[in-house]
Every structure is written in C-alpha cells, then in structure tokens.
Amino acid sequence: VLSPSTFNPQSTYPPNLSLLIKMLARSTTTIAIVLSLSYVTQTHSFAPSFQLPLTSKGKSLAIGGHHSDSELDDDVNVPSNPSLSRKSLLEKTAASISGVALASVFELSSFTPPAYAKCTDIDSCREEGERKVEAELKRNPIVRLSDGVQYRVLSSPTSSSSDKVTEGSNIDLAYSISTASGQYMYSKGFGYEKVEFGGRKESDLGLDSMRVVMGKHNVPVGIENALVGMGKGEKRRVELPPAVGFETSNWMPEPTSRMGKAQIVQYKRKLTGFGSQPPFPAETVWDIEVLNLKR
C-alpha cells in the first residue's frame, strides 16, 4: 500500500510519474479498504489464504494459512500471547491496513498538482510559438548557400571518421522528397517505399540506396552543394529552389512508384504552368542521409 512514508506529495516528481503514482496509490488504497472490511466481517472458516507483504524483512503473514506464531516477522505488531485467536489476529491486521490506507487517501486528497503556464489567447500562443522557433534556430541554425539552397542538420555523423563529402566522393545516399507544403513525392532508402526482398515486398529502409558520384550530377546541383561536408550517418533537410533543382540533373533521380511518377508530373506542370495557372517556381524539400562514403 502506498502511504505517506513511500509517497511525499511535497517532493518534486516529473509530471507523468507523479500522476502515475497518484493513480496507483488511489487504486491500491481502495483495494486495501475492501480487504480490511472483508477480513473483519468474515468468520474464521471464510478467511482467504494468500500472502500479504506486511514487513520490510521479506517475510509475509499468511491469512488463513498454516504459519505458526514463530514464523511471524518481528516487525508485525502482533502480541506474543499463544492463545491469540485467528479472528483477533485478522481484526488487528485489518485495522493496521485500514489506517495506512486511509492516511494515504487523506494525504493524496490534499495534494494539488503543479500548475503549468498555458497560452490563453491567439497573441500569447503566437508569442510562445515564436519563442520556441527562435530557441530551436539558436540550437540548430539554418545554413544558407549562395545558390539559394538552405539546409538544417537533422542528425550528426554516426561515424568517428574524419572523412567528409567533397568533389569526386562516392556516396551511398538515402533520400526523401516532398513538396514545400509537405506532400510526400517519393524516396529511396528511408522506409517509405517497398522493394522485393526474399520473395516478398519489404520496406526499403536499410535495403536500398542511390550511388552518387559528386560532380556527375546524379542528383540536382543544389543537392550536391548541400552534401559537401557531410559525414557518414549525417542527415540534413534541404530546401531546394528550382533554379538548382531537377532540371540541372536531367530530372534525376527518377521515381519508381506509380505515385512518385504522378507526383513528378504534377510538379513539372506547376513549374511550367498549365491551363490558367501561370508558371510557379515551387521548391522541393529533401531529407538526405549519407549511408556510406568513399573518396
């Protein structure tokens, strides 16, 4: 049973842990009260037989079992009178459990969870969001390149090697492409597509990648520029303007899925214009990861 000796409401607990302890304590005390009342009102023949962990020395008191008085732990407050009846023992045990349980209930009823500041209107919510964005930008700033490409580091290199991507490097690259609005287009090696493996379709995560030779324009020029300086295992998110986009790599890499092919057709129409829609210089967003690197 959780009691004031094991749960101190004045102590500082993480919010989730504090809520969990409070819920467990309430459910446990409820069970203890029910058991206590049951033991007091039941007759000798109806007493259940199971173990109650009542002491701190690892022993237990068997209610309805066959332990002798010598087997009872010294920490249990039971008189040593050999004529003590089983019913008296049950009543005293039940009273002890009830006292601890009720004390826990009263202690928890006075516990007030800490209040957390929340934005109360549109302006305060906007200010809170701006503060979070500003803090994130300080922690992980956006890098802007001269060709209009900009990127952020999503994860640092996983290899301790000092090798970095340079001109002429051979790279095993995983990538995922989406529109500037966040609509998924296609990918390779990120787990979003399926590949044949072992006679069935499996996620391509860890099973597929693209070989890129820096300077050969296997990927758009803007992506090559964003790859420079990356290490093995590093991930970056790149905003790619169309001026250094697909047209600089002859629309490589090509999609292989039906959805990817449809997405690239729509993107081309957006760039060139269609119907009454004028051409629009839409950016694409690339998540790139260097899986392997050779010079």
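## Around Trp 286

Let's start with Trp 286: skipping neighbours within four places in sequence, this residue is in contact with Tyr 175, Ser 176, Ile 177, Pro 220, Ile 223, Arg 236, Arg 237, Val 238, Leu 240, Phe 246 and Pro 253. Contact here means heavy atoms within 4.5 Å.

Keep in mind that this is a predicted model, where local features need pLDDT of at least 70 and side-chain atom pairs count only at pLDDT 80 or more, while totals for chains, interfaces and linings use all residues. Residues are numbered from 1 along each chain as its sequence is written, and side-chain values use heavy atoms, with hydrogens and water left out.

## The overall picture

The protein has five helices and 11 strands. These are DSSP runs numbered from the N terminus: helices are H or I with at least four residues, strands are E with at least two. Of the 295 residues in the protein, 32% are buried. Buried means under 20% relative accessible area, exposed means over 50%, and partly exposed is in between (1.4 Å probe, protein chains only).

Looking at contacts in the protein with a separation of 6 or more, 61% come from residues 24 or more positions apart. The protein exposes about 18,500 Å², with carbon and sulfur atoms supplying 54% of that. Accessible areas come from the Shrake-Rupley method with a 1.4 Å probe, and for residues only the protein chains shown count as cover.

## The nonpolar core

A nonpolar core is a set of buried Ala, Val, Leu, Ile, Met, Phe, Trp, Tyr and Cys residues joined through side-chain atoms within 4.5 Å. The largest one here has 30 residues, and Ile 171, Leu 227, Trp 286 and Ile 288 have the most contacts inside it. At least two residues of this core come from each of strands E5 (170–179), E6 (184–188), E9 (210–213), E10 (235–240) and E11 (284–294), and from each of helices H4 (221–227) and H5 (258–272).

Thr 284 is found in strand E11, and this threonine is buried, with a relative accessible area of 1%. Its side chain makes a polar contact of 3.0 Å with the side chain of Trp 286. A polar contact is a pair of N or O atoms within 3.5 Å; within protein, one must be able to donate a hydrogen and the other to accept it, and residues adjacent in sequence count only if both atoms are side-chain atoms. Beyond four places in sequence, Thr 284 touches Ile 177, Ser 178, Met 185, Val 238, Glu 239, Leu 240, Phe 246 and Tyr 267.

## Aromatic rings

Rings of Phe, Tyr and Trp (its six-membered ring) pair if their centres lie within 6.5 Å; planes under 30 degrees apart count as stacked, over 60 as edge-to-face and the rest as tilted. The count comes to eight aromatic pairs. In one of them, the rings of Phe 246 and Tyr 267 have centres 6.0 Å apart and planes at 65°, so the pair is edge-to-face. Phe 246 lies in the loop between E10 and H5 and Tyr 267 in helix H5, so this pair ties together parts 21 residues apart in sequence. Phe 246 counts as buried at 3% relative accessibility, and Tyr 267 is buried too, with a relative accessible area of 6%.

Trp 251 and Tyr 267 also pair: their ring centres are 6.2 Å apart and their planes are at 70°, so this one is edge-to-face. Trp 251 sits in the loop between E10 and H5, and is 16 residues from Tyr 267 in helix H5. Ring pairs link Tyr 175, Tyr 186, Phe 246, Trp 251, Tyr 267 and Trp 286 into a cluster.

## Charges over rings

A charge sits over a ring if NZ of Lys or CZ of Arg is within 6 Å of the ring centre and within 35 degrees of the ring normal. The charged end of Lys 268 does this over the ring of Trp 251, 4.8 Å from its centre. The charged end of Arg 269 sits over the ring of Phe 274, 4.3 Å from the centre.

## Arg 152 and some backbone details

Arg 152 is found in strand E4 (residues 150–155) and is partly exposed, with a relative accessible area of 25%. The Arg 152 side chain reaches the backbone oxygen of Asn 140 at 3.4 Å.

In the loop between E10 and H5 you'll find Pro 253, and the peptide bond from Met 252 to Pro 253 is cis, with omega near 0°. Asn 250 lies in the loop between E10 and H5 and has a positive phi near 55°. Asn 250 counts as exposed at 62% relative accessibility.
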